[in-house]
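I open this notebook to record what I looked up in the structure shown below.

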Amino acid sequence: LSKANYSFITGLANHDLPRFQGDVENQKLAAILNFTFPPFVPSILYGEEVPLTTINNGEDRIATSRDIMDFETKPLLLDFYKRLIRFRKSKYRQEATLTNFQINDVYDNNFDNHLVSYNINFLSNKKSESYSVIINRENRDKPVDIGLLLSDSVLPRDIISGSDLEFLGDGRFLIKAKRGYILDNKSNHL
């Protein structure tokens, strides 16, 4: 699918696809995947960061492409994209690999595929860094043992929002409904 030294450009929307239409929670989850999943290079369609909604159900693409971009409507989404871009720019200058990728829900025994997790490892000449991504696509909060799921060295602090995960005891943390996290690793601070 790809050749050495090439990457795929991926986007959440384009002129042939409908926009998220105000579904900010799912758009954030998709953006985290888009910005952290190597070897993909993310792209943002104009207005995704606002979020711009489609008028006339997207049937008139010329009219849709000329929608007015109102940057005051959802400043939290704009800030969210800025933080994702900052993380991407600071880390992806190094070689990136993906490990421990899982799409399942090992805690409910029904394997409903609402929990996505993986580790991203960055390697440069001087050091290596590791981050963990965990995404809860379900409409309910989930107790998760992140040490069991990802690694014991994961720090329960989201580096995009700056907030700590809620500790529930017995090694479990609360992963909020429709939320995604990029978690730091203790080894990055040695």
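In which sense do strand 3 and strand 4 pair, and over how many bridges? I found that strand 3 (residues 95–103) and strand 4 pair in the antiparallel sense, with seven bridges.

Before going on, I noted that this is a predicted model, in which local features need pLDDT of at least 70 and side-chain atom pairs count only at pLDDT 80 or more, while totals for chains, interfaces and linings use all residues. Residues are numbered from 1 along each chain as its sequence is written, and side-chain values use heavy atoms, with hydrogens and water left out.

**Entry: strand 4 and its partners.** I took helices (H or I, at least four residues) and strands (E, at least two) as DSSP runs, numbered from the N terminus. Two strands pair if DSSP finds at least two bridges between them. Val116 of strand 4 is the bridge partner of Ile103. Strand 4 also runs antiparallel to strand 5, to which nine bridges join it. There, Leu115 stands opposite Asn136 of strand 5. Strand 4 and strand 5 form a hairpin, and four residues lie between them.

**Entry: Ser117.** I located Ser117 in strand 4. Is Ser117 buried or exposed? Ser117 counts as buried because its relative accessibility is 1%; buried means under 20% relative accessible area, exposed over 50%, and partly exposed in between (1.4 Å probe, protein chains only). I then listed contacts (heavy atoms within 4.5 Å). Beyond its neighbours within four places in sequence, Ser117 touches Asn100, Phe101, Gln102, Val133, Ile134, Leu149 and Leu150. Strand 4 as a whole is mostly covered, with seven of its nine residues buried.

**Entry: the cores.** A nonpolar core is a set of buried Ala, Val, Leu, Ile, Met, Phe, Trp, Tyr and Cys residues joined through side-chain atoms within 4.5 Å. The largest one has 23 residues, and Ile32, Phe80, Leu84, Phe87, Val133 and Ile182 have the most contacts inside it. At least two residues of this core come from each of helix 1 (24–36), helix 3 (75–91), strand 4 (115–123) and strand 5 (128–136). Helix 1 gives the largest share, six residues. I also recorded a second, separate core of twelve residues, including Ile134, Val154, Leu165 and Phe173.

**Entry: confidence.** I read pLDDT as the predictor's confidence in each residue, from 0 to 100. The protein has a mean pLDDT of 78, and 72% of its residues reach 70 or more. Confidence is lowest in helix 2 (residues 61–65), at a mean of 56, and highest in strand 10 (residues 179–185), at 92.
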